[in-house]
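Visitor: I would like to learn how to read a model like this one, feature by feature. Could you take me through it?

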Amino acid sequence: MAVIAVWQCDRDGAMFKNKKDADDHDKMLELAENITALIEQNIKGIDEAQAEAVGLLLAKRRDILARACKGKPELLLEEEPEEHNDGDVFDVEA
């Protein structure tokens, strides 16, 4: 019987085959949490689930968002590459 090492993310319990991926995921979740808090502090009346969905969206696309802020805003409108898209669809109804 083989022993397989796995790393578990502190924040959501997700499992990874290597420490780097686990650390990257944990950092993304920390960023999403802070973005969510920023949104909730500055947009009165926003639903907690909606703020969290926006926080996760921006955290998952942080690299594209950073490039857009540096002068390429059109990148925000491009389809997310498949290898980075985990199928999350954020449906916010008023």
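Guide: Gladly. Let us begin with Ile4, which is exposed, with a relative accessible area of 69%. Keep in mind that this is a predicted model.

Visitor: Which residues make a nonpolar surface patch?

Guide: Ile4, Val6 and Met15 make a nonpolar surface patch of about 320 Å².

Visitor: Let me step back to the overall layout. How many helices and strands does the chain have?

Guide: The secondary structure comes to three helices and two strands. Along the sequence, they follow the pattern β-β-α-α-α.

Visitor: What share of the residues is buried?

Guide: Of the 94 residues in the chain, 22% are buried. For contacts, take those between residues at least 6 apart in sequence: 27% of them join residues at least 24 apart.

Visitor: How should I think about the nonpolar residues inside?

Guide: The general idea is that in soluble globular proteins, nonpolar side chains tend to be buried together. In this model, the largest nonpolar core has eleven residues: Cys9, Phe16, Ala22, Met28, Leu29, Ala32, Ile35, Ile39, Ala51, Leu56 and Ala59. Two elements, α1 and α2 (48-60), each give two or more residues to this core. The largest share, six residues, comes from α1.

Visitor: Which residues is Ala32 in contact with, leaving aside its neighbours within four places in sequence?

Guide: Ala32 is in contact with Gly55, Leu56 and Ala59. Of these, Leu56 and Ala59 are listed with Ala32 in the core.

Visitor: And Thr36: is this residue buried or exposed?

Guide: Thr36 counts as buried because its relative accessibility is 10%, and the cut-off for buried is under 20%. Thr36 lies in helix α1, residues 19-42. Not counting residues up to four places away in sequence, Thr36 touches Ala51, Glu52 and Gly55. Gly55 is also a contact of Ala32.

Visitor: Let us turn to charges. How many salt bridges does a search of the whole structure find?

Guide: The search finds five salt bridges. One of them joins Asp26 and Arg11, with the closest N and O atoms 3.3 Å apart. Asp26 lies in helix α1 and Arg11 in the loop between β1 and β2 (15-16), so this pair ties together parts that are 15 residues apart in sequence.

Visitor: How do the two partners compare in accessibility?

Guide: Asp26 is buried, with a relative accessible area of 19%, just inside the under 20% cut-off. Arg11, at 39%, counts as partly exposed.

Visitor: Which side chain does Asp23 meet in a salt bridge?

Guide: Asp23 meets Lys19, at 2.9 Å from N to O. Because these two are four residues apart in helix α1, they are separated by about one helical turn. Asp23 is partly exposed at 31%, and Lys19 is partly exposed at 45%.

Visitor: And what is the N to O distance between Lys20 and Asp24?

Guide: Their side chains meet in a salt bridge at 2.8 Å. Lys20 and Asp24 both lie in helix α1, four residues apart, about one turn of the helix. Lys20 is exposed, with a relative accessible area of 57%, while Asp24 is partly exposed at 28%.

Visitor: Which residues do salt bridges with shared partners join into one network?

Guide: That network holds Arg11, Asp26, Glu30 and Glu33.

Note on methods:
Residues are numbered from 1 along each chain as its sequence is written. This is a predicted model: local features need pLDDT of at least 70, side-chain atom pairs count only at pLDDT 80 or more; totals for chains, interfaces and linings use all residues. Side-chain values use heavy atoms; hydrogens and water are left out. Buried means under 20% relative accessible area, exposed over 50%, partly exposed in between (1.4 Å probe, protein chains only). Contact means heavy atoms within 4.5 Å. A nonpolar core is a set of buried Ala, Val, Leu, Ile, Met, Phe, Trp, Tyr and Cys residues joined through side-chain atoms within 4.5 Å. Patches are made of residues with over 30% relative accessible area and no salt bridge: like charges are joined within 9 Å, nonpolar side chains (Val, Leu, Ile, Met, Phe, Trp, Tyr) within 5 Å. Accessible areas come from the Shrake-Rupley method with a 1.4 Å probe; for residues, only the protein chains shown count as cover. A salt bridge is a side-chain nitrogen of Lys or Arg within 4 Å of a carboxyl oxygen of Asp or Glu.
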